[in-house]
Amino acid sequence: MKTQRSLFIGGAISLVFLMLAALSLFWVPHEVTSLSIAARLQGPSTTYLLGTDQFGRDILSLLMVGAQTSIAVAVAAIGIGAGIGVPLGLLAAAHHGRIGDEVIMRGNDLIFAFPALVIAILITATYGPSAFNAILAIGIFNIPVFARVTRAGALPIWTLDYIMAAKVAGKSKFRISLEHILPNILNLIIVQATIQFSLGILAEAALSYVGLGAQPPTPSWGRMLAEAQTMIYSHPMLAVLPGACIMALVLGLNLAGDGLRDHLDPRLRQVVK
Amino acid sequence: MSQDARLTLVHLSVSIGAKRVLDDISIKLLPHRITALVGESGSGKSMTALAVMGLLPQGAVATGAVQLHGTGDLLALREAALCAIRGRKIAMIFQEPMTALNPVMQIGAQVAEALLVHGLAENRREAMAQARAVLDRVGLSQIGLDRYPHELSGGQRQRAAIAAAIAPAPDILIADEATTALDVTTQSEILDLLRQLVREDGMSMLLITHDLAVVADMADEIAVLAAGKIVEAAPTTNILQAPQHPYTQTLLAAASPAPRAKRVIEREVVLQASDVTRIYPARRRGLRRSPPMVALKNVSLTLRRGECLGLVGGSGCGKSTLARALLGLEEIQSGAIDITGRAVSPNMSPADRRRISIVFQDPYGSFNPRWPVKRIIAEPLDLIAVSEESRASRVETALVQVGLSPEDAQKFPHQFSGGQRQRIAIARALITKPDILVLDEAVSALDVSVRARVLDLLKSLQEDLQLSYIFITHDLSVVAHMADRIAVMQAGQIVETGPAAELLTNPKQQYTQNLLKAAPRLTVPMRRKERT
């Protein structure tokens, strides 16, 4: 019961942000690139539901497009992480105890040794800051996470009898990995993706905050925070609103991830019962 | 024997939801006596043990009474009062000693814990001294108190678990399938130990098992349980010699299958293995280097068409490695394996692999849980060019051959019982029309009555399809029922081989003799006399 509730609440919160971000692709209350000094730093009103910032931009519109940026960066980073990490993990598990496994996992450790922020600084120092480079940095950071989860999930399955039966049928490790291993660990990967999603949102906010993420005029929650910093005493809502958005979305995704894990993982489900 | 019963179950019934799992169970446990509770899976054996311990699952409703001598009805007691009784008055031994012991706790501390919890030792030092004494009693005098469970063998672990159970000198000892996970020689040692402890300490023991042969040797009384009811309860000799209830009679018949009639098989040789040697290379584990392991040493076998070769031996003797080598999954260092004139190796073609297939022990781990039965059964054909229609028709044929219906092809494995799953596994093995089937403990996980039916199926398939079997098992009564010839393995070598009847009645090698002596048997009354 309890797990169902966290899945429901987390899913609902995440869904609200996803829908806002999707809506921003077609319609926003006010154009986020149009500045209007006359309307700067207004409080909430019927024209500007959540007020305006120091350039007279509508906060609600900024938050909606910012959600779009954050989600796009996090999803693309998961794509990179899972797209490379899952095959690597499958490969490592298929060659467990041999040199291939060693090479992949030690390579993983090497990437793990650098936090996403350091990788981002490294990339931006070379190629300049942009949303794409932020995606790349967070994506690279995601690779070892997915590789580890995949390998750990795959190893016990390799010892099961139906894998032996597939070997007896003459199937290659590659085919066994695709037909038997991957479908049986997909739930693990989905749960991990949800968790990496929330970490990606946080990382994107952190990168934008230090100016390494999406560049102006593309709105982003992290940069909204950074810009509001100087006015935190006079206009606290400018910082509170994007901060609350980051917190709510991360909380929602974490709740959904935990709920999904309890729901999908039969081992945990037994304990819950 | 006019002593008061230690524990009496009085018309105990347990329901979970609408389902009645135990129905009107009455059992008396007397001091110095071993009472056996025998039944197949789902009959309510373990539920009875849980009821006695006051550990029924949430939502279970019990009526009747569990009278403990000197305490009263356990069903009426609160949790706190039950805690003082569990372990102290009533102790329990489980099937799997590796999970029953705490893996991160030294065994001395685990035994001492039971004493400290119940205030039977003043302090830790005293508790450890007592633990040492108990471990000596169960035959672990050579084992230090500071050893961890994983450093012990399966039999030693079960001894440690027994030590922890008997340390507080309980009145009642419950053994729930306590020897099922052990191999035959270890099993007979543990059974001897339990019997000796019960006699010496005057405990009452409730022995729960599915294996009538184990019970025959041990128990004073037997209660046969079926679908939550006791169908028959009587002294052991009565049950074995003159079972009254039809269910007991079928159980007994299934537990002692008749040996196979002698056949002369003179058809062509389908499998020839000569001097097969498999060595696992030395491996570095951290700083240590483990020496190379010889898993198979100069193993030679022949198998004729339509013949059944039994392969027996203790755990770790190399049976499974040999099976994998025959299936072409192991690189062999020397020797040759040849099936119907073509060599077997890890890189043989799928078409060559078709000639031999395998049925595994575990009816639950054998199938990809996400695949429907038709895909599972047809998997061996995936790499062999077979048209879509002929695939479907072959799946249908295989299902019918093993006694399932063609509609079952759409279902998923979890929708089948253990016996049906084993039939699906056999169907998968048959689909390539192989010459040889490797049956790796294929009936060991099944209840006796189900097992008898699967064995019958295997026999009739062998006749109809002229199959050759390699029948790997630890169960000598089953191997006598199935095999024409038997090969005995020990430490990677075949130590003795010969016609089944001859080898089982007149074993030449010491190892085979020990194996036969250790095997539990239903011919009890005579053995019992020898002992007393």
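Student: In what order do the four strands of the open sheet in chain B lie?
Tutor: Helices (H or I, at least four residues) and strands (E, at least two) are DSSP runs, numbered from the N terminus. Two strands pair if DSSP finds at least two bridges between them. Here the pairing is antiparallel, and the order is 14-11-16-17.

Student: Which pLDDT do local features need in this predicted model?
Tutor: Residues are numbered from 1 along each chain as its sequence is written, while chains are lettered from A and ligands numbered from 1 in the order in which they are written. Side-chain values use heavy atoms, leaving out hydrogens and water; side-chain atom pairs count only at pLDDT 80 or more, totals for chains, interfaces and linings use all residues, and local features need pLDDT of at least 70.

Student: What is the bridge partner of Gln272(B)?
Tutor: Strand 11 of chain B covers residues 269–280 and pairs with strand 14 over eight bridges. The partner of Gln272(B) sits in strand 14 of chain B. The partner is Thr302(B).

Student: At what angle does helix 11 of chain B run to strand 14?
Tutor: Helix 11 (residues 319–326) lies across strand 11, strand 14 and strand 16 (334–339) of chain B. Axes are lines fitted to C-alpha atoms, for helices over the stretch in contact (heavy atoms within 4.5 Å). Angles run from 0 to 180 degrees between N-to-C directions. For strand 14 of chain B the angle is about 60°.

Student: Is Cys317(B) buried or exposed?
Tutor: Buried means under 20% relative accessible area, exposed over 50%, partly exposed in between (1.4 Å probe, protein chains only). Cys317(B) has 4%, so Cys317(B) is buried.

Student: How much area is buried between chain A and chain B?
Tutor: Buried area is the accessible area (1.4 Å probe) that two parts lose on being put together, summed over both. The contact takes 17 residues from chain A and 24 residues from chain B. Carbon and sulfur atoms give 59% of the area, which is about 1700 Å².
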